[in-house]
Amino acid sequence: MREAFGIIVLLLNTIGMLYARGTHSGTAIVNQTHITYASAGITRNFSSNIDTFVVDKVVDIQIDWEDAAAVTVSAGDSDRVLTFVVSNLGNSDDNITLGHEHNATSDFVPTHVRIFLDDGDGVFDSNDTLVSHVSLPADTNATLFLLGDIPDNNTTAPTHRSLEAIRATTESNATAGADRPGQIDTVIRHANDIDTGIWEIRDYWLVAKKHAIVYSEDNATHTGTRITYTITYAIGGNAVGKTIQNVILTDTIPPGTRYVTGSLRQDGTPRTDAVDGDNADCNGTQIRLNAGTITGTTQHTFAFDVRVR
Amino acid sequence: MKQTLSALIATALLSITAAYAEAPKSPVTVTTASYQLVIKKVKTKKGKIKKVKEWVKATKVVPGTVVRYVDTVTNNAEAPLSSVAIKNPINEHLAYVAHSAKAETNATITYSVDGGKTFDVPAKLYVTDKKGKKHRAQPKQYNAIQWVIAEVPAKGKVKVEFKAKLK
């Protein structure tokens with residue numbers, strides 16, 4: 001008895017209610033008309049026949065990937081999770097087959113991919129159930145977790161993506177042939193649906209940050225106040241031994257300021273403003289640095305000065 | 001023996017037929033029927049396929065389907081019927097389609113939001129929300145319709161109808 005109670009609670013927690021999508025299949029819609037009339041001064045009443053039809057079953061399956069953005073993972077990770085919600089938008093209980101589909105355009109292939117049904121807390125944990133299908137009452141949904149292991153990554157590309165989908169397919173079939181008055185026929189609106197989630201390995205990437213120093217005794221800016229802008233750039237993430245090529249930084253001189261001629265500096269070393277032999281220039285409204293190749297964990301800077309107009 | 005039995009059966013059949021013919025016909029009959037719109041493909045004389053809308057008996061109904069109800073009042077008597085009020089409740093799973101109530105003849109059409117206890121014109125129908133605030137009733141909140149017809153002629157028929165969408 002205690003076990004039975006536990007099962008009921010689990011089901012209620014697992015399956016969320018949606019807003020009503022319609023009258024439940026099998027509902028009998030009954031109509032009867034009544035008339036009143038006068039004849040020879042006497043009021044009489046009559047009722048019509050009773051007209052009845054039965055609401056047919058609509059199958060309408062939907063699945064949605066729920067993570068807000070690509071889920072960042074690392075090479076060699078185990079049991080990484082993508083979150084989906086499968087919904088029964090029909091007007092009858094439905095059994096739904098769940099299947100994983102790997103998109104061939106992916107950069108890597110996860111292994112040991114499985115689908116789990118959430119126990120109702122919205123978080124993957126040991127209480128969730130490995131599933132290949134779910135039974136959903138009408139107007140309900142359920143959270144699913146797609147789990148997979150991320151392979152060791154030997155490639156030199158900074159970012160890799162894996163596109164992994166769950167396809168949800170009804171186990172109901174449309175009623176074949178002519179309509180059967182008085183019986184529940186099945187009408188298919190959406191027999192299946194698929195949505196794709198993304199695992200992304202961001203092994204290393206380019207990081208750039210900009211900060212300003214205002215040279216003013218009262219910390220306020222006045223006409224003529226000098227401001228130094230410094231852009232710090234480096235490899236983020238797993239930077240050791242990594243290289244990023246063809247790094248180009250550009251920035252616009254802020255409105256209300258004027259560029260201080262000859263103030264460009266890369267890693268503290270002056271650079272000329274002209275488009276010439278060095279790797280930086282400024283045309284008065286925009287500065288540009290061709291930083292070339294950066295490697296490892298070294299941080300670099302690119303700085304310029306402006307004065308408030 | 002065989003002939004005697006046949007004669008008895010024939011006599012019995014005659015009696016049943018006579019009894020049926022003598023049953024008094026109701027002076028008034030009223031019927032109701034539900035229909036749904038389908039699109040059928042028909043072949044024109046020129047051999048082209050044309051789509052035609054047709055109201056057929058409502059059988060394949062799913063949420064969102066518009067159902068058309070047609071009520072027919074038949075006066076079987078030799079005298080006209082006067083002040084005929086036809087009341088059709090709207091099933092709780094249906095939402096009345098605005099302006100769809102009609103009659104073949106002049107009729108005063110009113111609606112109810114209290115299950116058919118009272119009827120009035122739309123401008124005078126109000127419902128109270130959960131906070132106790134009164135609002136003008138929306139057509140989908142009507143739960144009965146009434147047609148009042150001054151007279152149904154002797155041996156005549158009158159049809160009224162309305163449409164409602166399955167919730």
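1. Start with strands S9 and S12 of chain A. In this predicted model, strand S9 (residues 94-102) of chain A runs antiparallel to S12(A), and four bridges link the pair.

2. Five strands of chain A make up an open sheet, in the order S7-S16-S14-S9-S12. The pairing is mixed. Which strands sit at the edges? They are strand S7 (71-73) and strand S12 (133-136) of chain A, and each pairs on one side only. On average, neighbouring strands of this sheet are turned by 30° against each other, direction ignored.

3. Chain A also holds an open sheet of three strands, ordered S19-S24-S23. Here the pairing is antiparallel. Strand S19 (243-252) and strand S23 (280-282) of chain A are the edge strands, each pairing on one side only. From one strand to the next, the twist averages 15°.

4. Look at one pairing inside that sheet. S19(A) and strand S24 (residues 286-295) of chain A are antiparallel and share eight bridges. Trace Ile244(A) across: opposite stands Ile294(A) in S24(A).

5. Next, the interface. How many residues of each chain are in contact? The count is 33 residues of chain B and 30 residues of chain A. The size of an interface is often given as the accessible area lost when the parts come together. Between chain B and chain A, the buried area is about 2600 Å². Carbon and sulfur atoms give 57% of that area.

6. Polar links cross the interface too. There are 13 residue pairs in polar contact between chain B and chain A, counting pairs with both residues at pLDDT 80 or more. Three elements of chain B each give two or more residues to the side that touches chain A: strand S1 (28-43), strand S3 (66-75) and strand S4 (81-89). S4(B) gives the most, with nine residues. By class, this side of chain B has 18 nonpolar, ten polar and five charged residues.

7. The salt bridges deserve a separate check. Two are counted between chain B and chain A. In one of them, the side chain of Lys57(B) meets that of Asp51(A), at 2.7 Å from N to O.

8. Strand S3 (residues 34-39) of chain A and S4(B) run antiparallel over four bridges. Which residue of S4(B) stands opposite His34(A)? That residue is Lys87(B).

Definitions and conventions: Residues are numbered from 1 along each chain as its sequence is written. Chains are lettered from A and ligands numbered from 1 in the order in which they are written. This is a predicted model: local features need pLDDT of at least 70, side-chain atom pairs count only at pLDDT 80 or more; totals for chains, interfaces and linings use all residues. Side-chain values use heavy atoms; hydrogens and water are left out. Contact means heavy atoms within 4.5 Å. Buried area is the accessible area (1.4 Å probe) that two parts lose on being put together, summed over both. A salt bridge is a side-chain nitrogen of Lys or Arg within 4 Å of a carboxyl oxygen of Asp or Glu. A polar contact is a pair of N or O atoms within 3.5 Å; within protein, one must be able to donate a hydrogen and the other to accept it, and residues adjacent in sequence count only if both atoms are side-chain atoms. Ala, Val, Leu, Ile, Met, Phe, Trp, Tyr, Cys and Pro count as nonpolar, Asp, Glu, Lys and Arg as charged, and the others, Gly among them, as polar. Two strands pair if DSSP finds at least two bridges between them. Axes are lines fitted to C-alpha atoms, for helices over the stretch in contact, and angles run from 0 to 180 degrees between N-to-C directions.
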